[in-house]
Amino acid sequence: MRNKNLLIATLVLGVLAFAAVQLNREPKKTSADKQPLVPAALLDSLQTLSIKANSKAVTVDKAADGSWTVREKFSLPADVENHLTPLIRSLQKANNYGLLTSNAKRLEKLGLTDSSLTLTSTDGKSLALEIGKQTEDGLGNSARLQGQPYAIRTDFTGYLDGDPTSWTDLTLFSAKPEEIKSVSFTWADGKAAYARPAKGQPFAGKEGQAIEEMCSTIGNVRCADVVAKGDKETETAFAKSWQVKLGLFDGGNVVLTFAKLAGKTPNEQGKVFVRVAHSDPKHKTNSLAAKGEFIAQSWLAEQVPASAADFKKSQQAQAEAGQTAPTIQIPGPSPTIVTSPEIKVK
């Protein structure tokens, strides 16, 4: 009798223990329980997107004309193709698979406070998400909705970039080389001008090839960064400047004004600023250029000579390189020419 009672008590304790484990276990959602991470209606009427990641923050706004701009970069155009569109597509495909964990220690390890994403629609509705590390099963990133004490499983794998500069399309002007009719330089130590004989023809003269190559470079003015108007470094740099004027076959012209600021130490790379102005007052280039002072890409600055002397040196160097092209010597005796018996060599 005693053994029977002991057996019953053991079974009861086992059932209670199993029930306790099941109650404390965080249920794993199946694919049937998934729901969109972000409501489709919110993405369709998106007005503002804010990201915090890598200790930086960026806010992208939709303007009245439907274009997207970067608030931290003087409302310059956003890079829609490389940043906004891929992120929106990732969010459109992302799903919420339910509870991941509510355990405080596990939540801390997920790094949910490192990156966040806030979406606001045109009617003022918003959704704030903290994006953490990838889940152990490799499904996607962990996440937490604002105000919730637990994390959720998602299949979101999009990249969050909080750098305003990388989100900004810093293209001030773009033209195909064949659209450029003439190129003229104005330096402190001289001037030079070149023109195509006709549309579709190359630039003439010994410098023609160099001008052709330069058109490919300066025809697309995409900057590295932008600073505020009135920036002291910019004003100092433009105390000395040089210009390149592009004449276009459509009748317009574009003036690029460059200025260089030396580094503060011998090992510090200096900055090259560029101002761009189009002859048409209503051209988009002018409205963009009015928003700030632009820092040129390093490769662009290297391709544009800062003086007539620099231009002359570069032409001489190219000419010398062409004249001293190395010949390949094949070691060994001179080759013997073998002819067919049917071929008579006179």
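**Note on the predicted model**

1. The chain exposes about 21,500 Å², of which carbon and sulfur atoms supply 53%; accessible areas come from the Shrake-Rupley method with a 1.4 Å probe, and for residues only the protein chains shown count as cover. The model is predicted: local features need pLDDT of at least 70 and side-chain atom pairs count only at pLDDT 80 or more, whereas totals for chains, interfaces and linings use all residues. Residues are numbered from 1 along each chain as its sequence is written, and side-chain values use heavy atoms, with hydrogens and water left out.

2. The chain contains 10 helices and 19 strands; these are DSSP runs numbered from the N terminus, helices being H or I of at least four residues and strands E of at least two. Of the 346 residues in the chain, 38% are buried (buried means under 20% relative accessible area, exposed over 50%, partly exposed in between, with a 1.4 Å probe and protein chains only). Among contacts between residues at least 6 apart in sequence, 60% join residues at least 24 apart, a contact being heavy atoms within 4.5 Å.

3. An open sheet is formed by 10 strands in the order β1-β6-β10-β9-β8-β7-β2-β3-β4-β5, with antiparallel pairing. Its edge strands, β1 (35–36) and β5 (76–77), each pair on one side only. Two strands are taken to pair if DSSP finds at least two bridges between them. Within this sheet β6 (residues 95–101) and β10 (residues 151–154) pair in the antiparallel sense over three bridges, and Thr101 stands opposite Ala151 in β10.

4. Helix α3 (residues 80–93) lies across β2 (46–53), β4 (68–70), β6 and β7 (115–121). Its direction is at about 95 degrees to β2; axes are lines fitted to C-alpha atoms, for helices over the stretch in contact, and angles run from 0 to 180 degrees between N-to-C directions.

5. With β8 (residues 126–134), β9 pairs in the antiparallel sense over four bridges, and Ile131 stands opposite Ala143 in β9. The hairpin of β8 and β9 has six residues between the strands, and Gly138 there takes a positive phi near 75 degrees. With β10, β9 pairs in the antiparallel sense over two bridges, Arg153 in β10 being the bridge partner of Ser142. The hairpin of β9 and β10 has five residues between the strands, and there Gly147 takes a positive phi near 90 degrees.

6. Glu130 is found in strand β8. Glu130 is partly exposed, with a relative accessible area of 23%. Leaving aside neighbours within four places in sequence, Glu130 is in contact with Leu112, Thr113, Ser115, Ser116, Ser142, Ala143 and Arg144. The C-alpha atoms of Glu130 and Gln146 are 7.2 Å apart, the two residues being 16 apart in sequence.

7. Another glutamate, Glu212, is found in helix α6 (residues 208–218) and is buried, with a relative accessible area of 18%. Not counting residues up to four places away in sequence, Glu212 touches Arg196, Gln201, Pro202 and Phe203. The helix is mostly covered, eight of the 11 residues of α6 being buried; among them are Gly208, Ala210, Ile211 and Met214.

8. The structure holds five aromatic pairs; rings of Phe, Tyr and Trp (its six-membered ring) pair if their centres lie within 6.5 Å, and planes under 30 degrees apart count as stacked, over 60 as edge-to-face and the rest as tilted. Trp242 and Phe258 form a stacked pair, at 5.7 Å centre to centre and 20 degrees between the planes. Trp242 lies in strand β16 (residues 242–248) and Phe258 in strand β17 (residues 253–261), so the pair ties together parts that are 16 residues apart in sequence. Trp242 is buried at a relative accessible area of 8%, and Phe258 is buried at 0%.

9. Two further aromatic features may be noted. Phe185, Trp187, Tyr194 and Phe311 form one aromatic cluster. The charged end of Arg275 sits over the ring of Phe238, 3.7 Å from its centre; this assignment requires NZ of Lys or CZ of Arg within 6 Å of the ring centre and within 35 degrees of the ring normal.
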